[in-house]
Protein chains: 4
Amino acid sequence: MNDNMRHVTIRGCSIGGPDLMVMAGPCAIESREQIFATAEAVAASGGRFLRGGAFKVRTSPTAFQGLGWDGWQLLREAADAHGLLTVSEILEEEQIEKARQYIDLAQIGSRNMQNTPLLKAFGRSGMPVMLKRGFGCTIDEWLQAAEYILQEGNEDVLLCERGIRTFETATRFTLDVAAIPIARARLGVPVIVDPSHAAGRRDWVECLTLSGVAAGADGLLIETHPDPSEALSDGPQAVVLSEFPALIEKARRVAAAVGRSIPVAPAVSAAAS
Amino acid sequence: MNDNMRHVTIRGCSIGGPDLMVMAGPCAIESREQIFATAEAVAASGGRFLRGGAFKVRTSPTAFQGLGWDGWQLLREAADAHGLLTVSEILEEEQIEKARQYIDLAQIGSRNMQNTPLLKAFGRSGMPVMLKRGFGCTIDEWLQAAEYILQEGNEDVLLCERGIRTFETATRFTLDVAAIPIARARLGVPVIVDPSHAAGRRDWVECLTLSGVAAGADGLLIETHPDPSEALSDGPQAVVLSEFPALIEKARRVAAAVGRSIPVAPAVSAAAS
Amino acid sequence: MNDNMRHVTIRGCSIGGPDLMVMAGPCAIESREQIFATAEAVAASGGRFLRGGAFKVRTSPTAFQGLGWDGWQLLREAADAHGLLTVSEILEEEQIEKARQYIDLAQIGSRNMQNTPLLKAFGRSGMPVMLKRGFGCTIDEWLQAAEYILQEGNEDVLLCERGIRTFETATRFTLDVAAIPIARARLGVPVIVDPSHAAGRRDWVECLTLSGVAAGADGLLIETHPDPSEALSDGPQAVVLSEFPALIEKARRVAAAVGRSIPVAPAVSAAAS
Amino acid sequence: MNDNMRHVTIRGCSIGGPDLMVMAGPCAIESREQIFATAEAVAASGGRFLRGGAFKVRTSPTAFQGLGWDGWQLLREAADAHGLLTVSEILEEEQIEKARQYIDLAQIGSRNMQNTPLLKAFGRSGMPVMLKRGFGCTIDEWLQAAEYILQEGNEDVLLCERGIRTFETATRFTLDVAAIPIARARLGVPVIVDPSHAAGRRDWVECLTLSGVAAGADGLLIETHPDPSEALSDGPQAVVLSEFPALIEKARRVAAAVGRSIPVAPAVSAAAS
């Protein structure tokens with residue numbers, strides 16, 4: 001670990017220190033049942049953040065676009081019920097202020113990494129933000145995008161490596177594991193790894209999860225769903241909820257091997273309940 | 001040419017037919033002298049659109065960010081003085097309405113290709129728009145992004161191929177010439193080629209210009225500057241204004257060879273003055 | 001054109017000057033009928049080289065591997081009958097000496113671009129050679145590979161751009177048209193363009209052919225087949241022989257537009273018959 | 001681990017089971033002192049294979065090309081003195097027979113992955129072989145290349161993932177960690193990871209080593225040098241010999257976390273001395 005690493009603390013939860021943050025949940029929030037079942041499982045495995053999309057940036061305009069504000073309301077309730085924090089993508093500056101009651105950590109998606117008006121708006125807002133790497137962007141461009149936020153005075157910035165576009169098609173993207181220590185060293189902010197979007201198929205999520213932890217990631221962002229075959233978006237890459245605990249247990253062992261830890265008992269959860 | 005090609009007509013200027021539209025100008029509008037000198041040269045070579053950025057999306061927050069609304073005012077004046085139309089990148093939905101007095105054709109930049117709220121806003125606005133291909137995006141994703149605009153009822157959509165990111169570093173991006181006929185055939189909308197951003201160095205702009213015309217492009221978007229060594233952004237790829245006429249003359253010959261034309265005398269210019 | 005361009009002359013046929021060399025034929029030589037029909041059509045369109053593979057480097061070991069020496073005998077006979085020269089890939093040093101009676105221009109395939117023992121062997125042999133760019137290799141690496149041949153004293157070297165591997169899958173490879181003038185300028189040797197392997201589908205061969213000519217290529221290497229639906233390899237990218245004359249006629253017009261020419265009457269053919 | 005994994009046994013050393021094989025040494029064998037010092041350190045850290053190149057495939061013909069047969073003689077002596085096996089790249093079919101007295105495991109380099117005559121020659125030879133992935137090749141192409149060897153009846157085949165070419169330049173190549181479990185699952189042969197060529201800079205070798213182990217690699221191929229600043233090739237990516245034990249110790253901990261082991265005491269070494 002880099003001693004100069006800036007720790008980011010969100011509602012008492014510190015990221016960038018010895019503890020790895022587990023963030024998990026569905027690609028899209030679909031129903032109360034789905035998100036509550038997920039929240040329970042995430043908390044039980046030591047996860048600290050419940051993820052779930054309400055306003056989706058889909059490649060095609062005919063794909064499911066999310067539940068919107070109702071979705072965020074469900075995310076908040078499910079997270080609160082299990083002592084979790086929330087993380088979700090915010091697409092537009094207009095949403096930021098109102099979103100803060102629902103979302104503890106805003107995600108800037110890969111497709112918005114160089115949307116500079118949005119970056120600046122997050123910079124001014126002071127809201128904790130996780131900047132995903134653009135899948136066609138270099139590490140340098142990613143760090144420069146983060147500077148747009150930092151320059152406005154918002155230091156609660158996390159990065160998230162989620163795979164880059166290459167000629168290989170066996171996976172949806174190619175996880176650039178070296179980007180994890182490189183980005184940490186150059187910018188001094190925590191880097192989360194998203195193995196789900198890189199893999200694109202759940203078969204390879206475990207491998208990328210463990211690789212990311214071994215490479216020094218400060219947290220995991222994993223898509224999981226109670227029944228991926230019924231998921232309205234990105235089902236093929238979602239880990240089945242029943243297999244999630246085993247995945248996290250493996251990640252925990254690798255984390256320990258590199259001097260980090262994934263807490264078993266979610267302290268915040270206890271405090272919240 | 002594809003007989004099912006949808007022609008886009010902007011203030012009497014038809015794109016997608018036999019005439020190739022030449023759009024040229026500096027990366028960023030810097031001064032009255034610069035933009036008027038450019039407008040004069042563009043019009044003299046048969047160009048129809050004056051390009052110039054006023055709100056720049058720069059990779060780094062410390063780079064020159066443009067003159068803003070004052071820049072657009074200069075662009076408008078210079079274009080009007082020489083019977084040209086204007087094209088410029090619009091970054092935010094909030095700018096669209098006010099921008100229409102200055103900008104005849106809005107450009108959605110490569111970094112915003114999948115900014116779906118912006119795509120939808122342009123769809124609703126009805127403003128003529130040119131969608132640049134995301135440098136990390138496939139042709140399929142590009143066409144789906146265009147659908148976000150078309151679906152809202154705005155049919156005045158042009159596409160612009162500007163190079164994709166590959167491992168080759170001799171050029172800044174790799175121009176995907178095959179994308180020109182593929183996108184035309186699949187979506188049935190005109191495709192403009194931007195050789196300047198693909199090349200990244202003026203030495204190779206001519207080659208990419210002629211290749212794009214040979215591949216069937218419906219127009220050219222070329223960066224040119226009176227004195228590139230003094231340019232505040234993207235100087236190395238700007239064609240020197242004094243060499244611009246020769247470049248267009250070469251493009252004109254290739255256009256003729258593939259059954260297209262680049263008009264010599266700018267009819268609109270005459271009408272406008 | 002670069003005045004310092006080294007012209008390569010093979011049996012009286014000069015490459016690198018104003019005349020573009022058309023090289024065409026099937027991916028694999030399959031039968032006497034096939035190769036003679038092809039030779040006739042290639043000669044009739046002004047082509048100078050008949051191409052055809054006899055020893056194929058196929059990705060899979062179960063794919064058709066070619067007719068071997070019998071194939072080269074057929075290639076020679078068909079070429080001689082129509083006053084053409086021959087070009088074919090040679091895979092191994094051991095084949096070079098014997099191959100020279102059949103092959104006028106040896107091709108080093110994309111997959112062998114960095115096979116240094118083979119490069120050196122061709123250097124020592126003095127046989128005219130066309131070095132295809134490795135699809136995963138930079139322009140710099142390509143030119144350095146050519147140096148392996150030149151350093152041994154063999155100056156009869158042509159380069160061939162045939163597309164690089166990128167994330168785009170609409171075409172099999174992405175033709176790097178800028179590589180044509182860049183390689184010409186840096187190494188001073190003629191550069192041939194192969195639109196067929198780049199396209200991977202005959203629909204886009206025309207576009208890439210014309211783009212390559214516009215970019216300044218010194219020749220064309222095109223796959224054509226009397227009946228591509230029956231081809232034993234690479235059928236989908238082969239131009240139907242009956243459509244070949246129209247393609248070359250279009251290329252001829254673009255060549256003229258950039259100050260080059262594709263001869264209509266094959267002078268060598270007349271001399272040879 | 002995949003229960004259907006084919007174990008490859010070389011001189012009593014089994015690859016593909018619970019034990020990870022550590023293979024290490026310099027890019028090029030340069031001197032007796034260099035290779036003996038390396039052998040001692042590799043053996044002391046539990047390594048089983050001493051690597052070192054004698055015939056180098058260098059991108060440029062003017063770069064150091066290796067010591068040739070004298071280099072292999074030194075490699076053999078150094079390995080024997082410390083109970084190690086040897087691994088080195090063989091470039092040509094002609095070398096195979098004579099090389100077997102020096103080399104226990106032949107490496108087919110990334111640039112030769114699709115050199116089918118060489119693949120077939122290795123298939124016929126029965127010599128244990130490690131096939132590196134072509135840096136521009138897909139996983140599918142890599143497995144098909146391996147089939148060329150397997151089809152000839154040689155089942156002693158290992159694969160080696162060493163990074164692919166992408167647009168990112170912070171590392172020399174991008175390690176495709178997902179390729180490790182994918183290739184293992186599809187072909188059922190052991191996969192070694194080469195973090196050195198992927199990283200291109202020693203700073204990132206540790207990260208890629210640990211990621212590869214976490215992803216399930218069956219072995220490590222690491223470049224190490226007593227004094228990288230004096231190395232005749234690839235110095236920047238070589239781990240300093242004095243830091244090698246700490247690197248392997250970290251890898252050992254990650255291996256244990258994923259149910260594998262890196263032996264501390266080299267059994268073969270003891271037996272050999």
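Q: How do the axes of helix α8 and helix α9 of chain A cross, and within what distance do they come?
A: The axes of α8(A) (residues 205–214) and α9(A) (residues 244–257) come within 9 Å and cross at roughly 25°. Axes are lines fitted to C-alpha atoms over the stretch in contact, with angles from 0 to 180 degrees between N-to-C directions. Helices are DSSP runs (H or I, at least four residues), numbered from the N terminus. This is a predicted model, where local features need pLDDT of at least 70 and side-chain atom pairs 80 or more, while totals for chains, interfaces and linings use all residues. Residues are numbered from 1 along each chain, chains are lettered from A, and side-chain values use heavy atoms without hydrogens and water.

Q: Why is α8(A) called roughly parallel to α9(A)?
A: Angles under 35 degrees count as roughly parallel. The axes cross at roughly 25°, so α8(A) is roughly parallel to α9(A).

Q: Which residues of α8(A) and α9(A) meet?
A: Contact means heavy atoms within 4.5 Å. Among those in α8(A) are A:Val205, A:Leu210 and A:Val213; α9(A) brings residues including A:Leu247 and A:Val254. The contact divides into 8 nonpolar, 1 polar and 2 charged residues.

Q: What makes D:Arg133 and A:Glu168 a salt bridge?
A: The definition asks for a side-chain nitrogen of Lys or Arg within 4 Å of a carboxyl oxygen of Asp or Glu. Here N to O is 2.7 Å, so the pair is a salt bridge. The rule finds 2 salt bridges across the interface of chain D and chain A.

Key: Helix = DSSP H or I, 4+ residues; strand = E, 2+ residues; numbered from the N terminus. Parallel < 35°, antiparallel > 145°, perpendicular 65-115°, else oblique. Nonpolar A, V, L, I, M, F, W, Y, C, P; charged D, E, K, R; others polar.
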